Amino acid sequence: MLEEAAGVSKYKERRRETENRLLGTRENLLRVNDILRELESQLDKLEQQAAVAQNFRRLQEQLETSQHGLWLLRWREAQDRQDRIAQDSTLALNALEAKTSELRAAESELEALRQAQYAATDALGIAQANLYAAQAEVRALKPKSAMWLTRATALSGANSSCSPSTHNGRHASKKRCEIRRWQLRSWPTRSLRRPRPRGE
């Protein structure tokens, strides 16, 4: 009652509240220190992760740059290859046109040779036909020529035997010799000549 009368109890109450607050603040500070320690340990990990992430980002940029350079190099190589292929195709087309022209010239020459061969074959066929016809005529004339040759030999022998000294002036023998001379003069000598082939 004296403290209340003197107003001391109010200060004591305030002191208790202040001490409670201080105690709570100390507890909070302890908690904050614990949190800071945890955060510091996490901060180290985060710094390591940040370094790794930064390194990854740097490597990623290098990879993209390398890929872009590789793509550019491949594109240039593809362009060069396309140019070479275009040049090769142009050369191949020119060579093909040259070979085609040579082939056409060879075909025209072959066609001319074929026409000449056909003409020669026709001429050969005509010549063979003429030859076969001439051979047939010769074969047909051989028996006649042999017969006429036999008769000519006989007549020439008879003519040689029909001289004025052989018949000695006999009329019958003289008449027979004149008949034989007439037969020899009337001998068809043209039939003994070699016949000309057709077409000569």
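pLDDT is the predictor's confidence in each residue, on a scale from 0 to 100. Keep that scale at hand, since what you have above is a predicted model. Over residues 187-195 the pLDDT stays under 50, and for that stretch the model has 12 contacts beyond four places in sequence. Residues 164-172 also stay under 50, with four such contacts. Where pLDDT is low, the predicted coordinates should not be read in detail.

With that caution in place, let's look at the protein as a whole. Its average pLDDT is 77, and 66% of the residues score at least 70. Confidence is highest in helix H2, residues 8-161, with a mean of 85, and lowest in helix H3, residues 164-167, with a mean of 48.

Now for the fold itself. The secondary structure consists of four helices and zero strands, so reading along the sequence gives you the pattern α-α-α-α, counting helices as DSSP runs of at least four residues. Of the 200 residues in the protein, 6% are buried. The exposed surface comes to about 17700 Å², and carbon and sulfur atoms supply 57% of that area. As for contacts, take those with a sequence separation of 6 or more: 68% of them join residues 24 or more positions apart.

Side chains of opposite charge can pair when their charged atoms come close.

Start with Glu13 and Arg16, whose side chains meet with 2.7 Å from N to O. These two are about one helical turn apart, because they sit three residues from each other in helix H2. Glu13 has a relative accessibility of 39%, so it counts as partly exposed. Arg16 is partly exposed too, at 45%.

Next comes the pair Arg15 and Glu19, with 3.3 Å between the closest N and O atoms. Here the spacing is four residues within helix H2, which again means a separation of about one helical turn. Arg15 counts as exposed, because its relative accessibility is 57% and the cut-off for exposed is over 50%.

Finally, move along to Asp34 and Arg37, where the salt bridge has an N to O distance of 2.1 Å. Both residues belong to helix H2 and lie three residues apart, about one turn of the helix. Asp34 is partly exposed, with a relative accessible area of 36%.

Technical notes: Residues are numbered from 1 along each chain as its sequence is written. This is a predicted model: local features need pLDDT of at least 70, side-chain atom pairs count only at pLDDT 80 or more; totals for chains, interfaces and linings use all residues. Side-chain values use heavy atoms; hydrogens and water are left out. Contact means heavy atoms within 4.5 Å. Buried means under 20% relative accessible area, exposed over 50%, partly exposed in between (1.4 Å probe, protein chains only). Accessible areas come from the Shrake-Rupley method with a 1.4 Å probe; for residues, only the protein chains shown count as cover. A salt bridge is a side-chain nitrogen of Lys or Arg within 4 Å of a carboxyl oxygen of Asp or Glu.
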